[in-house]
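Please look at the sequence and the structure below before reading on.

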Amino acid sequence: MLTATDRAGHALGVTEMDDTHRTFVGYLDALAKASEADFPGLFHQLLGHTRKHFERETQLMHECSFPAIAEHGAEHARVLADLTHLAIRVQQGNLVMARTYVSGLPDWFRHHLATMDSALAARLKAHATHQVP
Ligand SMILES: [Fe+2]
Ligand SMILES: [Fe+2]
């Protein structure tokens with residue numbers, strides 16, 4: 001579970017990324033507390049949101065010629081593939097594996113944010129500063 005301190009530490013200073021990450025964390029929090037009835041719908045929303053989140057970061061990586069695009073993209077692809085496979089299980093009524101996976105996502109996200117996403121944010125900010133108006 002993410003603490004209030006974690007949440008405060010989420011800001012990377014790129015508004016668009018910060019907004020997306022806040023929503024992502026909101027889904028993780030909601031899923032951690034979700035009833036059996038609510039979990040499938042929320043999980044489906046998390047999958048859709050995460051797909052858009054990662055697609056947009058890929059676009060941003062291209063826009064600023066991010067050097068670690070392959071590594072960052074591979075990490076996104078791995079998580080998205082996991083969520084996609086688990087969504088099938090959830091659809092079949094098996095929530096156990098998805099619940100376990102979701103409970104590990106805050107730790108994954110904390111690490112991803114501190115490495116890949118913060119490197120991307122730093123690059124975007126430097127890129128914006130050096131752009132000719
Ligand atoms: Fe991100
Ligand atoms: Fe990312």
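Helices (H or I, at least four residues) and strands (E, at least two) are DSSP runs, numbered from the N terminus. Ser65 sits in the loop between α3 and α4.

This is a predicted model, in which local features need pLDDT of at least 70 and side-chain atom pairs count only at pLDDT 80 or more, while totals for chains, interfaces and linings use all residues. Residues are numbered from 1 along each chain as its sequence is written, chains are lettered from A and ligands numbered from 1 in the order in which they are written, and side-chain values use heavy atoms, with hydrogens and water left out.

**Overall fold**

The protein chain has five helices and zero strands. Read from the N terminus, its elements run α-α-α-α-α. The radius of gyration of the protein chain is 16 Å, close to the 14 Å that the globule rule gives for 133 residues, so the chain is as compact as a globular protein of that length. Here the radius of gyration is taken over C-alpha atoms, and the globule rule is 2.2 Å times the number of residues to the power 0.38. Along the principal axes, the C-alpha atoms of the protein chain fill a box of roughly 55 × 30 × 20 Å.

Of the 133 residues in the protein chain, 39% are buried. Buried means under 20% relative accessible area, exposed over 50%, and partly exposed in between (1.4 Å probe, protein chains only).

An unreviewed UniProt entry places the feature "domain: Hemerythrin-like" at residues 13-123. UniProt positions are given in the numbering used here, feature names are shortened, and annotations may be inferred rather than shown by experiment. The span 13-123 is 86% helix and 0% strand, and its end C-alpha atoms lie 11 Å apart.

**The iron site**

Which residues are the protein donors of the iron ion (ligand 2)? They are Glu57 (OE), His72 (NE2), His76 (NE2), His112 (NE2) and Asp117 (OD), lying 2.1 to 2.2 Å from the ion. Donors are N, O and S atoms within 2.8 Å of the metal (3.2 Å for Na, K and Ca); water is not among the atoms, so sites may look incomplete. The sequence spacing of these donor residues is E-x14-H-x3-H-x35-H-x4-D.

Glu57 coordinates both the iron ion (ligand 2) and the iron ion (ligand 1), which are 3.5 Å apart. The pair Glu57 and His76 links distant parts of the chain: Glu57 belongs to helix α3 and His76 to helix α4 (residues 69-91), 19 residues apart. Both residues of this pair, Glu57 and His76, are buried. Another donor, Asp117, is found in helix α5. With a relative accessibility of 0%, Asp117 counts as buried.

**A cavity**

The structure holds one cavity of 30 Å³ or more, and the largest cavity has a volume of about 30 Å³. On a 1 Å grid over the protein atoms alone, a cavity is a set of points where a 1.4 Å probe fits but cannot get out, and lining residues have an atom within 4 Å of a point. Grid points are joined across faces, edges and corners, and a volume is the space filled by probe spheres set on the points.

Glu16, Met17, Thr20, His53, Arg56 and Glu57 line the largest cavity. Helices α2 (15-33) and α3 (39-63) each supply at least two residues of this lining. By class, the lining has one nonpolar, two polar and three charged residues. Ala, Val, Leu, Ile, Met, Phe, Trp, Tyr, Cys and Pro count as nonpolar, Asp, Glu, Lys and Arg as charged, and the others, Gly among them, as polar.

**Residue pairs and a backbone angle**

The table gives separations between C-alpha atoms for some residue pairs.

| Pair | Apart in sequence | C-alpha to C-alpha |
|---|---|---|
| Tyr27 and Val102 | 75 residues | 9.6 Å |
| Glu71 and Met116 | 45 residues | 8.4 Å |
| Ala122 and Leu12 | 110 residues | 8.1 Å |
| Asp117 and Leu83 | 34 residues | 19 Å |

Tyr27, in helix α2, counts as buried at 17% relative accessibility. Glu71 lies in helix α4 and is partly exposed, with a relative accessible area of 46%. Ala122 lies in helix α5 (residues 96-129) and is partly exposed at 43% relative accessibility.

Most residues other than glycine have a negative phi. In Ser65, phi is near 50°, a positive value in a residue other than glycine.

Terms used
On a 1 Å grid over the protein atoms alone, a cavity is a set of points where a 1.4 Å probe fits but cannot get out, and a pocket is an open set with protein on both sides within 12 Å along at least five of seven lines; lining residues have an atom within 4 Å of a point.
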